[in-house]
Amino acid sequence: MAEKEIVVTYGVLSERTEVEKRTGLTPDIVTRLKRSGVACVVEKGLGIDAHFTDADYEKAGARVVSRDEVLTSSDVLGFVGRPQAEVLDQIKPGTWVIGALNSFTDEDYLTQLQQRGVVAVAMERLPRQLSSAQSMDEMTSQNSVTGYKAVLKAADAYGSFFPMMTTAAGTIRPAKVLVLGAGIAGLQAIGTAKRLGAVVTAYDVRPAAKSEVESLGAKFLDLEVDLSQGQGDGGYARELTAEERAAQQAAVDKKAAEFDVIITTAQVPGRKPPVLLTAAGVNGLKRGAVVVDCAASDFGGNVEGSVPRETVITEGGVTVLGMPDLASGVPVTASQQIARNLADTLVHFVRTHDDATALTVDMTDEIDAAMVVAGGDK
């Protein structure tokens with residue numbers, strides 16, 4: 001099959017930090033994009049933390065160049081996160097920027113993007129209810145990795161086995177695991193904990209979550225509190241009222257004392273995460289209990305007292321892990337998934353009109369109208 005004419009150059013920079021090991025492009029996606037008329041240019045050493053070499057990218061058809069050349073030669077730049085100020089200053093006007101831009105909470109950053117003259121596509125604004133958007137859904141792909149890794153971190157920190165085991169010294173009971181938040185990350189956590197042999201219970205404010213939890217073989221936690229209106233747009237949890245939050249917190253604090261491991265995954269997209277387990281709830285846990293807060297951030301977390309990227313051991317002997325970067329801890333799979341999300345988002349904007357193919361914003365398109373936060377017709 002003849003190769004398609006190259007109409008767009010897609011550049012990806014290394015975003016490596018102490019905690020970020022993912023990359024926004026993998027060699028298999030280079031080949032995939034070439035079939036859509038997209039040429040790839042990548043920074044030297046781009047995929048090293050995800051075990052992709054420069055030779056792998058070159059074999060797939062990408063050009064491996066310096067950071068400066070990526071910036072100057074690309075029509076589109078893809079990011080796992082978002083370009084920081086020093087990178088943004090180097091991006092030429094008219095360049096497209098695709099990434100998780102934190103656009104719900106950082107208006108100043110959106111203003112910078114607009115002033116810089118770039119076309120900015122915010123991955124977090126994807127209308128996930130559209131079937132055509134599923135392969136672009138970065139939140140779903142990365143949350144799935146997060147839920148898996150959260151259980152492994154919890155099992156490592158827990159002082160006993162997850163499964164029931166019969167030994168010469170007697171029978172060891174299985175760990176009792178509670179997952180708070182049964183979205184993508186929570187469901188993956190449930191499945192992973194079950195596969196490790198734990199007895200799993202889960203809770204979510206969304207009515208639809210009960211059947212999803214039970215379909216994985218877990219129990220649904222009855223808080224005996226009416227939060228039946230907890231589901232928001234697109235099947236995601238809405239933000240609760242102050243009264244609902246207080247009732248939920250009190251009920252969770254009381255029930256949590258029954259469990260050995262608690263994993264919290266509840267987030268309201270683009271906003272401060274809800275507190276699901278208060279300090280009183282943490283203090284009520286048994287000695288040796290482990291809490292993994294996947295929502296820990298500079299804005300707070302699901303667990304009062306959790307600190308992002310730190311392990312806190314309370315006076316009562318409870319281990320609280322603040323872990324916002326869990327997807328980065330599985331860099332190969334996480335990179336493969338996010339690379340596909342970014343690439344499919346890019347291809348969505350490559351359109352042909354009057355026999356001319358180019359990057360185009362169409363504000364009558366539901367995806368374009370939702371995701372383009374700077375440039376275009378904004």
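Colleague: What makes Glu20 and Arg22 a salt bridge?
Modeller: The rule asks for a side-chain nitrogen of Lys or Arg within 4 Å of a carboxyl oxygen of Asp or Glu. The closest N and O atoms of Glu20 and Arg22 are 2.9 Å apart, so the pair qualifies under that rule. Keep in mind that this is a predicted model, where local features need pLDDT of at least 70, side-chain atom pairs count only at pLDDT 80 or more, and totals for chains, interfaces and linings use all residues. Residues are numbered from 1 along each chain as its sequence is written, and side-chain values use heavy atoms, with hydrogens and water left out.

Colleague: Why is Glu20 called buried?
Modeller: Buried means under 20% relative accessible area, exposed means over 50%, and partly exposed is in between (1.4 Å probe, protein chains only). Glu20 has 15%, so it is buried by that cut-off. Arg22 also counts as buried, at 15%.

Colleague: How many salt bridges are there by this rule?
Modeller: The count comes to 16. Among them, Arg206 meets Asp204 at 3.2 Å, N to O, and Arg206 also bridges to Glu212, with the closest N and O atoms 3.7 Å apart.

Colleague: What makes something a nonpolar core?
Modeller: Such a core is a set of buried Ala, Val, Leu, Ile, Met, Phe, Trp, Tyr and Cys residues joined through side-chain atoms within 4.5 Å. The largest one here has 39 residues, and Tyr10, Leu25, Leu33, Tyr57 and Leu346 touch the most other members. Its largest share, five residues, comes from H11; helices (H or I, at least four residues) and strands (E, at least two) are DSSP runs, numbered from the N terminus.

Colleague: Which residues is Leu33 in contact with, leaving aside neighbours within four places in sequence?
Modeller: With contact meaning heavy atoms within 4.5 Å, Leu33 reaches Tyr10, Leu25, Val38, Cys40, Ala343, Leu346 and Val347. Another core, of 26 residues, lies apart from the largest one and includes Ile190, Val200, Met323 and Leu326.

Colleague: How do you know that E9 and E12 pair?
Modeller: Two strands pair if DSSP finds at least two bridges between them. Strands E9 and E12 have four, in the parallel sense, so they pass that test.

Colleague: Why are E11 and E14 called edge strands?
Modeller: The open sheet has seven strands, in the order E11-E10-E9-E12-E13-E15-E14, with mixed pairing. Strands E11 and E14 each pair on one side only. E14 joins E15 through three antiparallel bridges, while E13 and E15 run parallel, with four bridges.

Colleague: What makes E15 covered on both faces?
Modeller: Thr319 and Leu321 on one side are buried, and so are Val320 and Gly322 on the other.

Colleague: What stands out about the phi of Asn102?
Modeller: Most residues other than glycine have a negative phi, and most peptide bonds are trans. Asn102 has a positive phi of about 55 degrees although it is not a glycine. Asn102 lies in the loop between E5 and helix H5, and is partly exposed at 45%.
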